[in-house]
Every structure is written in structure tokens, then in C-alpha cells.
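Here is a short report for a reader who is new to this structure. Please look at the sequence and the model first, then read on.

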Amino acid sequence: MKKILVAEDTESNYLLLSIILRKEDEVYRAHDGQEAIEKFEGCRPDMILMDIKMPVMDGLEATRRIRLKGGTLPILSLIHISEPTRPY
């Protein structure tokens with residue numbers, strides 16, 4: 001069983017991810033980038049799913065700081081687009 005940290009401030013997005021991931025893995029949650037750094041240090045996850053746009057500290061800055069702390073684990077960016085997209 002792997003430990004996965006989901007850094008996501010939107011409840012519905014987190015619920016969907018946690019339902020899928022909990023079948024096989026242990027899931028931890030952070031509501032913002034600062035909390036993601038704290039949870040990284042506390043639970044030492046095997047992987048992080050990191051929302052990019054969050055309050056307090058965004059996912060990009062949190063990722064930079066985790067890397068500076070020696071984190072070499074996979075960090076996957078989550079991007080939620082709520083505006084209609086235009087065809088190109």
C-alpha cells in the first residue's frame with residue numbers, strides 16, 4: 001500500500017480522487033500548498049497529486065519548496081479548468 005498525498009482545495013475534486021485511490025492506497029489530504037509541505041514532512045508520501053491553483057501557497061511554489069527539502073518523489077500537477085475551452 002502506497003501513501004499518496006492529495007493537495008486539493010476543492011472538496012468535489014478531492015472526493016473523486018480519494019474514492020479512486022483509497023481502493024489500493026493510503027490517502028492523505030492537504031487543503032493548500034503550505035499544508036502540503038507540512039504533510040510531506042509528516043507522512044512522507046510515495047507520491048503527491050498537487051493542485052496548481054490553491055489558497056495560501058500555490059502548487060508550483062509548494063513543489064519548489066518540497067524539492068528544496070530533498071523530496072525526489074513523483075509530484076503530478078492537477079489542473080482544473082472551469083471556463084469553456086475554445087477550439088483551435
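Buried means under 20% relative accessible area, exposed means over 50%, and partly exposed lies in between. Arg64 has a relative accessible area of 47%, so Arg64 is partly exposed. Keep in mind throughout that this is a predicted model.

## Salt bridges

How many salt bridges does a search of the whole structure find? The search finds five. Side chains of opposite charge can pair when their charged atoms come close. Three of these bridges are described here, in the table below.

| Salt bridge | Closest N to O distance |
|---|---|
| Arg64 and Glu61 | 3.0 Å |
| Arg65 and Glu61 | 2.8 Å |

Start with helix H2, which covers residues 33-43. Both Glu35 and Lys39 lie in H2. They are four residues apart, about one turn of the helix. Lys39 has a relative accessible area of 28%, so it is partly exposed.

Now turn to helix H3, residues 59-68. Arg64 and Glu61 are three residues apart in H3, so about one helical turn separates them. Arg65 and Glu61 also lie in H3. Their spacing is four residues, again about one turn of the helix.

Glu61 takes part in a bridge with Arg64 and in another with Arg65. Together, Glu61, Arg64 and Arg65 are linked in a network of salt bridges. How accessible is Glu61? Its relative accessible area is 26%, so Glu61 is partly exposed. Arg65 stands at 35% relative accessibility and therefore counts as partly exposed too.

Ile37 is placed in helix H2. Is Ile37 buried or exposed? At 4% relative accessibility, Ile37 counts as buried, because that value is under 20%.

What does Ile37 touch, not counting residues up to four places away in sequence? It touches Met57, Ala62, Arg65, Ile66 and Lys69. One of these, Arg65, also forms the salt bridge with Glu61. The C-alpha atoms of Ile37 and Thr63 are separated by 8.2 Å. Along the chain, these two residues are 26 residues apart.

## Helix H1 and its leucines

Helix H1 runs over residues 11-21. Leu15 is placed there. With a relative accessible area of 42%, Leu15 is partly exposed. Leu15 belongs to a nonpolar patch on the surface, together with Leu16, Ile19 and Ile20. The accessible area of the four residues together is about 400 Å².

Leu17 is in helix H1 as well. Which residues does Leu17 contact, leaving aside its neighbours within four places in sequence? The contacts are Val6, Leu49 and Leu78. Leu60 is 43 residues from Leu17 in sequence. In space, the two are 20 Å apart, C-alpha to C-alpha.

## Strand S1 and Lys3

Strand S1 spans residues 3-7 and holds Lys3. At 24% relative accessibility, Lys3 counts as partly exposed. Lys3 has several contacts when its neighbours within four places in sequence are left aside. They are Glu26, Tyr28, Cys43, Arg44, Pro45, Asp46 and Met47. Lys3 and Leu21 are 18 residues apart in sequence. Their C-alpha atoms are 9.8 Å apart in space.

Arg44, one of the contacts of Lys3, sits in the loop between H2 and strand S3 (47-51). Its relative accessibility is 46%, so Arg44 counts as partly exposed. Where does the charged end of Arg44 sit? That end sits over the ring of Phe40, 4.6 Å from the ring centre. As for aromatic pairs, the structure holds zero of them.

The backbone of Arg44 also deserves a look. Most residues other than glycine have a negative phi. Arg44 is not a glycine, yet its phi is positive, about 45 degrees.

Val56 has a positive phi as well, about 70 degrees, although it is not a glycine. Val56 is found in the loop between S3 and H3. Is Val56 buried or exposed? At 71% relative accessibility, Val56 counts as exposed, because that value is over 50%.

Methods:
Residues numbered from 1 in each chain as written. Predicted model: local features only at pLDDT ≥ 70, side-chain atom pairs only at ≥ 80, totals over all residues. Heavy atoms only, no water. Phe/Tyr/Trp six-rings, centres within 6.5 Å; stacked < 30°, edge-to-face > 60°. Lys NZ or Arg CZ within 6 Å of the ring centre and 35° of its normal. Patch = residues over 30% accessible without salt bridge, like charges linked within 9 Å, V, L, I, M, F, W, Y side chains within 5 Å. Areas by Shrake-Rupley, 256 points an atom, 1.4 Å probe, with all protein chains shown as cover. Salt bridge = Lys/Arg side-chain N within 4 Å of Asp/Glu carboxyl O. Helix = DSSP H or I, 4+ residues; strand = E, 2+ residues; numbered from the N terminus. Buried < 20%, exposed > 50% of the residue type's maximum accessible area, 1.4 Å probe, protein only. Contact = heavy atoms within 4.5 Å.
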